[in-house]
Amino acid sequence: MADATPLDPLAMWREMLAQVEKGVNQLASQSVKSEKFAKAANQLSSANRARRKMTQALVSRYSEEFNLPTHSDIEAINERLQALEDRIVDIATTLKRLADALAPVASASGPARTRKPPELVPPAAAPVAAAAPAVPAAARKVVPARKRAAAGSPRAKASR
Amino acid sequence: MNAPVAEASIAERVRSEIDRALQRSIKGLDYLGSDGPKLGSTPRELLHRRGTMALYRYRALTDEVYRVPLLIVMALTNRGYILDLAPGQSLVEYLLRQGYDVFMLDWNAPRSDEKHLRMEDYVLDFIPDAVRRVQETSGEQDVNLVGYCAGGMLSTIYLTLHADGPVQNFATFTTPIDFSEMKLFSQWSDKKHFDVDKLVDTTGNAPPDMIYSAFDMLRPTDKATGTLQVWDNMWNDEYVKSYRMFDRWAADILPLPGEYFRQATKSFMWDNQLMRDKFKVDGRAVKLSRIRLPVLHAIAEHDHIVPYGAAKPLIAKIGSTDKEEIVLKGGHVSLVAGGNAIKRLWPRLDAWLGKRST
């Protein structure tokens, strides 16, 4: 945000926006805490659900009349497709596991599970680790990420 | 400030604002006509999917990993990509670069035939199944668990029922325990006005728009001011990218299985059973004191979804001796993602987990 100066109308506008947001949020949070609000919101929500259900029933009836697939037909097809996909994923995982079991040398080529946190690495080992680091130094740095993120993090969303 | 300096400063500011106004107009058209940034791009493999359950393993980014694999359990209402937004802003990527073998238990929208799913299915079936598959895939018996929000709550319940299980350490973020402290949600779901049976019987699964509206009503001006702020910052590509990522995630709400929603409303919102040690899963009592493994609980200071009071009892109630609560600046989401998380939570998590992962 730009620095505020007495002659900067945009900074004043932003400040005003922040104040309005704070004020309205405070006011609204008082209103939504009330029992009256809870009652009204639930009534509205129930009415909306009833209306939606009626519309869905009506659309389904018309769809059937014109021999078109209804929402629930499409949903059923989607669910069957998803179930088939689930089976395919399982078969692929099982095949991979079998292939790994048949070729133990190849499966052992994954990363070694020997990592230690830096504070537990004995000092004598440090120069060796520094000479041949398991993780490239550049890859371990989070500085660019931090810089990128710090450059722009929307206040409203990030505060959620 | 003398007069010539003040004039120069004003002229500079006017120039800058004109430049930004031009950028806003040019980039604003791009914004309206383009898709948002790609989210969740860290390479991963789908190990298993069963309806709503999806277990992923992320590809290692180091030549050497910690012995103990790490399983992240995501909240049911939100997509797991909040923990993997974009390169440089991804907790998953950060953990991979620190040398963890990362798995994620993420959730698909429950199908209509999954409306019967209850908490029992999550804590006695999905999570144990995921843990078993992590063991099989990694070849290790021990597993470390990380939970976020309701994912943390389900992991907590799972741990009370599997106290001698393979999980060795548990880190969790913004995990609700005392539902009486979630004042607004309690008020809105008060049984005097809210007929959860009618809702579930009518809709099957709890609709995502209802859940989205509930989150939205906690901060009613967020949407309007967010839009104004993004327009104001349209010249700033990083801001716009970040806004779009968070905005897309926040709107990408999943439905909840109807029976789960009914059970959570009655047992937690109405009766606060988890806090009172009265909750039962399949007839088995859920007592937090049964948890004895090392636990780290990270809570956000300004969390309006799971306020501090709702999350605080976890550490007090568990039976562990090695337990730690950290309260960090930020909100429900900024605790785990975005610039603040990179500086605050991620290094703390790594420092806690690293020595417990060998």
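At what angle do helix 3 (residues 119-138) of chain B and helix 4 (residues 150-161) of chain B pack? They pack at about 70 degrees, and their axes are 10 Å apart. The structure is a predicted model, in which local features need pLDDT of at least 70, side-chain atom pairs count only at pLDDT 80 or more, and totals for chains, interfaces and linings use all residues. Residues are numbered from 1 along each chain as its sequence is written, while chains are lettered from A and ligands numbered from 1 in the order in which they are written.

- Helices are DSSP runs of H or I with at least four residues, strands are runs of E with at least two, and both are numbered from the N terminus.
- Axes are lines fitted to C-alpha atoms, for helices over the stretch in contact, and angles between N-to-C directions run from 0 to 180 degrees.
- Helix 3 of chain B and helix 4 of chain B are therefore roughly perpendicular (65 to 115 degrees; under 35 is roughly parallel, over 145 roughly antiparallel, and the rest oblique).
- Helix 3 of chain B contributes B:Met119, B:Tyr122, B:Val123 and B:Ile127 to the contact, and helix 4 of chain B contributes B:Leu154, B:Ser155, B:Ile157, B:Tyr158 and B:Leu161 (contact means C-beta atoms, placed from the backbone, within 7 Å).

**Helices 6 and 10 of chain B**

- Helix 6 (residues 196-203) of chain B packs with helix 10 (residues 258-270) of chain B at about 175 degrees, their axes being 9 Å apart.
- Helix 6 of chain B is therefore roughly antiparallel to helix 10 of chain B.
- Among the residues making this contact are B:Val200 of helix 6 of chain B and B:Phe261 of helix 10 of chain B.

**Nonpolar core**

- The largest nonpolar core has 110 residues, of which B:Leu71, B:Ile72, B:Val102, B:Ile127 and B:Val336 touch the most other members.
- Such a core is a set of buried Ala, Val, Leu, Ile, Met, Phe, Trp, Tyr and Cys residues joined through C-beta atoms within 7 Å.
- The largest share of this core, eight residues, comes from helix 3 of chain B.

**B:Arg20**

- B:Arg20 lies in helix 1 (residues 3-33) of chain B.
- B:Arg20 is partly exposed because 17 other C-beta atoms lie within 10 Å (20 or more count as buried, 12 or fewer as exposed, and those in between as partly exposed, with C-beta atoms placed from the backbone).

**Chain A**

- Chain A has eight helices and zero strands.
- Of the 160 residues of chain A, 8% count as buried.

Notes:
Contact = placed C-beta atoms within 7 Å.
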